[in-house]
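Here's a protein model to explore together.

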Amino acid sequence: MNIKSRLTLLFTMLVGSIMALFCLSIYFFYDQYREKQFYSFLNERGQTIAQLVEGGGALTNEEIVKIEKANNTLLLDEEITVYNGQDSVIFSSGSSEFDLPKSTLAEVRGGTDVKTKIGKKDVIVIRHILQSQNNPWVIVAMAQDLLGLNQLQRLREILLIGWLLCLVLVAVAGWQFATDAIRPVSDIIEQVNRISAGNLHQKVSVGREKDELALLAETFNSMLNRLQIAFVAQKNFVSHASHELRTPLALIMTEVEVTLMKRREVENYQDALKGILGEVKEMNELVNRLLDLARTEEEAFKVTFQRIRVDEVLWLAKSFVQQRHPDYQVEILYSDIPDNEDLLIRYGDESLLRTAFVNLMDNACKYSDNKKVRVVLKVPAEGILITFEDHGAGMDPDELPYIFDTFYRSTSTMDKSGFGIGLALTKRILMMQGASIDVDTKLGEGTTFTLLFPSF
């Protein structure tokens, strides 16, 4: 059963149950009202006959019965029996014989009315106060409320037919309601089916305001955004890798072809292999940088962060840089370090953050004549502040908007080895971990990178 049919069925059952309960309530309360009115009418009839018997004088029982039947146009099979103060029957208008126990007669004379049923007839037992102040009489009045029962049956038929007709109308209305409720879902399905890898930029729209279906469409759009970013990242990685690997591969092929053109001395082959080895190392470094770049784009969608101490990651980065380049000088200075070590803790990925620190340290030493970088760690009120300061070539201020672009290299660094990936990778890592990075540079004087990890 599809959602539309299930919604229609549930809606019809719910409303039908409520309507059935409403109809039953009407029927029940009307039956109570009819019964109360009929007992009241029997009471009046019994009192009337008792008054006739009390003041009848020369009237015989047969004459009183005729008078009673002549005035009875609403009741069916009415029977009235009157007991005197000595519990003897002094009047009876029917063939039924009553043998009420003395306890019941005494209870009724005390003022308690007794109401019961005998077959289809309603029976009421009441007292009649005499004018002579003798013991009250007891009246037993019984009859069948044919008119009231006919009205009750007619009401029952009207309620049943009305309930069935309303049930049909509710089912039709429920089907229309379910159709209208499901229509946006069908629209979303149709729109999603039209989206493929080539048009991930398309968005799913719902012609409604902020309801659950609109939130569903927003969730789809958010998922499509993530997929689009992933596809773009994959495309960029393939494009960057093919672009950057083309040159070293061409050099390796040229070196091999030239070497194989004729027979050479062993030293020549060794020189050629050394050149190829250098190119392979460059390719390996480039591939590692590209993989780190791809990893940051992948990790952006994963929550793998843990508690790390930023100062310890700085020392790890320093050890890594000086292990690879023993001539590099990395000086780390602590300024106003707090007693509370928790202020140095942040949530992040330790290996990625170390890569960002290594890139900044490596660039500062590589592009400085003295191969030195000065790192200052402070913990002000706004968070953790780290500066990487060098006295190298610096950069033209006009180039600052582009230094974090992938494969961009400033004019002052063209004579050095590099791929233009380090700063782009560093910024992505820092943004991923909630930090910011700013640059202050002067051409020919040096550059200072400032990192801020905001406080919790």
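Q: Which handedness does the crossing of α8 and α9 have, left-handed or right-handed?
A: This is a predicted model, where local features need pLDDT of at least 70, side-chain atom pairs count only at pLDDT 80 or more, and totals for chains, interfaces and linings use all residues. Residues are numbered from 1 along each chain as its sequence is written, and side-chain values use heavy atoms, with hydrogens and water left out. A crossing counts as left-handed if the near helix is turned anticlockwise from the far one by less than a right angle, and as right-handed if clockwise. For α8 and α9, the crossing is left-handed.

Q: At what angle do α8 and helix α9 pack?
A: Axes here are lines fitted to C-alpha atoms, for helices over the stretch in contact, and angles run from 0 to 180 degrees between N-to-C directions. Helix α9 covers residues 422-432, and its axis is 9 Å apart from that of α8. The packing angle of the pair is about 140°.

Q: How many charged residues are in the contact of α8 with α9?
A: Contact means heavy atoms within 4.5 Å. On the α8 side the residues include Leu 352, Leu 353 and Ala 356, while α9 brings Leu 423, Ile 429 and Met 432, among others. Ala, Val, Leu, Ile, Met, Phe, Trp, Tyr, Cys and Pro count as nonpolar, Asp, Glu, Lys and Arg as charged, and the others, Gly among them, as polar. Sorted that way, the contact has nine nonpolar residues, five polar ones and, as for charged residues, no such residue.

Q: How are α7 and α8 oriented to each other?
A: Helix α7 spans residues 310-324 and helix α8 residues 350-366, and their axes come within 9 Å and cross at roughly 55°. Angles under 35 degrees count as roughly parallel, over 145 as roughly antiparallel, 65 to 115 as roughly perpendicular and the rest as oblique. The two helices, α7 and α8, are therefore oblique.

Q: How many nonpolar residues does the contact of α7 with α8 have?
A: The crossing of this pair, α7 and α8, is right-handed. Among the residues making the contact are Val 313, Phe 320 and Val 321 of α7, plus Leu 353, Phe 357 and Met 361 of α8. By class there are three charged residues and no polar ones, and the nonpolar count is 11.

Q: How are α1 and α4 oriented to each other?
A: Helix α1 runs over residues 3-55 and helix α4 over residues 146-193. Their axes come within 8 Å and cross at roughly 160°, in a right-handed crossing. By class, this contact has 22 nonpolar, eight polar and four charged residues. That crossing angle makes α1 and α4 roughly antiparallel.

Q: Is Val 330 buried or exposed?
A: Val 330 is found in strand β7, residues 329-335. Not counting residues up to four places away in sequence, Val 330 touches several others, including Val 321, Met 361 and Val 375. Buried means under 20% relative accessible area, exposed over 50%, and partly exposed in between (1.4 Å probe, protein chains only). Because its relative accessible area is 6%, Val 330 is buried.

Q: What phi does Lys 371 have?
A: Lys 371 is found in the loop between α8 and β9 (372-378). At 26% relative accessibility, Lys 371 counts as partly exposed. Although Lys 371 is not a glycine, its phi is positive, at about 55°.

Q: How many strands does the chain have?
A: Helices (H or I, at least four residues) and strands (E, at least two) are DSSP runs, numbered from the N terminus. One of the strands is β4, residues 121-128, where Arg 127 lies. Counted this way, the chain has nine helices, and its number of strands is 12.
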